[in-house]
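I opened a new page for this model.

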Amino acid sequence: MRVLFVCGGTGGHINPALAVAGYLKKQQPDAEILFAGNPSGMEAGLVPKAGFAFTPIKVKGFQRRFSWNNLKNNLMAVAYLTTSGRRSRQILREFRPDVVMGTGGYVSGPLVRQAAKMGIPTLTHEQNAFPGVTTKLLSKYVNKVMLAVPEAKKYLPSGTQFVVTGNPVREAFFTSDRKAIRKKMGLEGKICVLSFGGSLGARRVNEAMAELIAHNKDRPDIFHIHATGAYGVELFPKLLAEKGIPNSNHNKNLDIREYIYDMPECFAAADLVIGRSGASTLSELEAAGKASILIPSPNVAENHQYHNAMALAGRNAAVVIEEKELTGQRLCEEFDRLCADSDKLRQLGENAAALSIHDANDRIYRQIMKLSSPK
């Protein structure tokens with residue numbers, strides 16, 4: 001059995017594909033799995049680290065706002081579009097997949113569409129309540145659109161074949177040994193805070209987290225794990241230095257990284273998670289049963305992160321701070337309130353766990369198996 005996964009752009013598109021691929025390999029050890037994505041994208045690093053083969057295809061998304069940089073980007077996007085069909089056919093003919101599955105991002109479009117044209121069974125998965133442009137376009141061609149939530153169906157073209165599967169989550173989010181991981185990390189007796197602003201980083205989140213870290217600098221019982229994202233690599237050390245923390249590398253209570261590759265282990269170690277409210281993050285919070293402070297990104301289609309976050313807040317499963325209300329002081333106040341109330345932290349985590357769809361990976365795996373056929 002051969003399965004080709006196509007994904008890219010952000011962790012929100014890549015991690016679901018990795019989760020399904022890991023589950024598929026566990027169920028079908030002899031399955032041959034290949035990932036396709038941009039050679040300069042996050043996927044080019046994340047996929048090999050997860051142990052899967054990766055092949056490149058150059059695709060760029062179009063920018064709608066006018067600027068000279070966006071104009072250059074769009075000219076390059078057109079150039080890549082002229083070669084993406086030929087490259088897609090090459091990948092498909094060489095790998096000969098039984099099923100092709102996309103998980104969103106503009107890189108999915110040409111390859112999944114080409115597979116459908118060649119008669120290869122195709123699937124695409126949409127993580128959010130408001131489907132992205134790629135999902136809407138592919139919904140006309142794929143055998144099945146898999147949705148995280150049923151509400152997304154109303155945004156798809158009439159007649160779209162769909163099934164609700166939930167969001168795939170790596171099994172390690174359910175099974176990681178918290179006690180063993182915390183012992184390994186030296187966190188006995190400490191409150192562990194895990195924070196991130198998305199795979200690329202978010203300036204407002206980085207600024208607020210710098211203030212929170214400075215707020216806790218005299219508390220040896222607080223351990224921070226923070227991912228700055230690509231855009232925060234140079235910025236974050238400067239923010240900390242401004243707060244009187246000159247070299248985080250030598251601070252035993254700080255673990256500052258660009259990107260967190262061992263996210264299931266960090267989730268298991270954490271007592272509180274602070275971050276954006278993308279679909280994948282929420283599914284991981286639910287799987288791990290973690291209390292959280294969510295800061296929805298306002299720069300997304302249909303403000304879907306806000307609606308994602310409020311779905312948890314409405315069930316007493318998270319605290320939400322909108323970015324327009326985010327200040328270092330507000331974040332510190334919420335942090336102090338939660339960390340002073342262990343029962344509240346526990347209740348938020350338990351309520352989040354109650355929302356988890358535990359078999360999303362299996363539901364998607366079954367859709368793949370329905371479409372696959374031995375050659």
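My entries follow, one topic at a time.

**Ground rules**

I am working on a predicted model, where local features need pLDDT of at least 70, side-chain atom pairs count only at pLDDT 80 or more, and totals for chains, interfaces and linings use all residues. Residues are numbered from 1 along each chain as its sequence is written, and side-chain values use heavy atoms, with hydrogens and water left out.

**The sheet**

I looked up the strand order. Seven strands make an open sheet, ordered 3-2-1-4-5-6-7, and they pair in parallel. Strands here are DSSP runs of E with at least two residues, helices are runs of H or I with at least four, and both are numbered from the N terminus. Two strands count as paired if DSSP finds at least two bridges between them.

Which strands stand at the edges? They are strand 3 (53-56) and strand 7 (162-164). Each has a single partner strand, so one side of each lacks a neighbour in the sheet. I also noted the twist, which averages 25 degrees from one strand to the next.

Next I checked two pairs. Strand 1 and strand 2 are parallel and share five bridges. Leu4 stands opposite Leu34 of strand 2. Strand 5 (residues 122-126) and strand 6 (residues 144-147) also run parallel, joined by four bridges. There, Thr124 stands opposite Val145 of strand 6.

Is strand 2 mostly covered or mostly exposed? It is mostly covered, with five of its six residues buried. For burial I used relative accessible area: buried is under 20%, exposed is over 50%, and partly exposed is in between (1.4 Å probe, protein chains only).

Helix 1 (residues 11-27) lies across strand 1 (2-6), strand 2 (32-37) and strand 4 (99-102). I noted its angle to strand 2, which is about 170 degrees. Axes are lines fitted to C-alpha atoms, for helices over the stretch in contact, and angles run from 0 to 180 degrees between N-to-C directions.

**Thr122**

Thr122 is buried, at a relative accessible area of 0%. I listed its contacts (heavy atoms within 4.5 Å). Residues up to four places away in sequence aside, Thr122 touches Val100, Val112, Ala115, Ala116, Tyr141, Val142, Asn143, Lys144 and Leu371.

**The cavity**

How many cavities of 30 Å³ or more does the whole structure hold? The search finds one. A cavity is a set of points, on a 1 Å grid over the protein atoms alone, where a 1.4 Å probe fits but cannot get out; a pocket is an open set with protein on both sides within 12 Å along at least five of seven lines; lining residues have an atom within 4 Å of a point. Grid points are joined across faces, edges and corners, and a volume is the space filled by probe spheres set on the points.

The largest cavity holds about 30 Å³ of space. Its lining is Asn15, Pro16, Ala19, Pro168, Val169, Arg170, Ser280 and Glu284. Helix 1 and helix 11 (279-288) are the elements that give two or more residues to this lining. Helix 1 gives the most, with three.

**The second largest pocket**

I then turned to the second largest pocket, at about 730 Å³. It has 28 lining residues, and Ala148, Val149, Glu151, Asn308 and Ala311 lie nearest its centre. Helix 11 and helix 12 (304-313) each give two or more residues to the lining. Helix 12 gives the most, with five.

**Phe267**

Phe267 sits in helix 10 (residues 263-269). Phe267 is buried, with a relative accessible area of 0%. Beyond its neighbours within four places in sequence, Phe267 contacts Phe173, Leu194, Phe196, Val273, Glu284, Leu285, Ala288 and Lys290. One of these, Glu284, also lines the largest cavity.

**Two positive phi values**

Arg96 is not a glycine, yet its phi is positive, near 55 degrees. Arg96 lies in the loop between helix 3 (68-95) and strand 4, and is partly exposed at 42% relative accessible area.

Asn316, also not a glycine, has a positive phi of about 55 degrees. Asn316 lies in the loop between helix 12 and strand 13 (319-320). Asn316 is partly exposed, with a relative accessible area of 31%.
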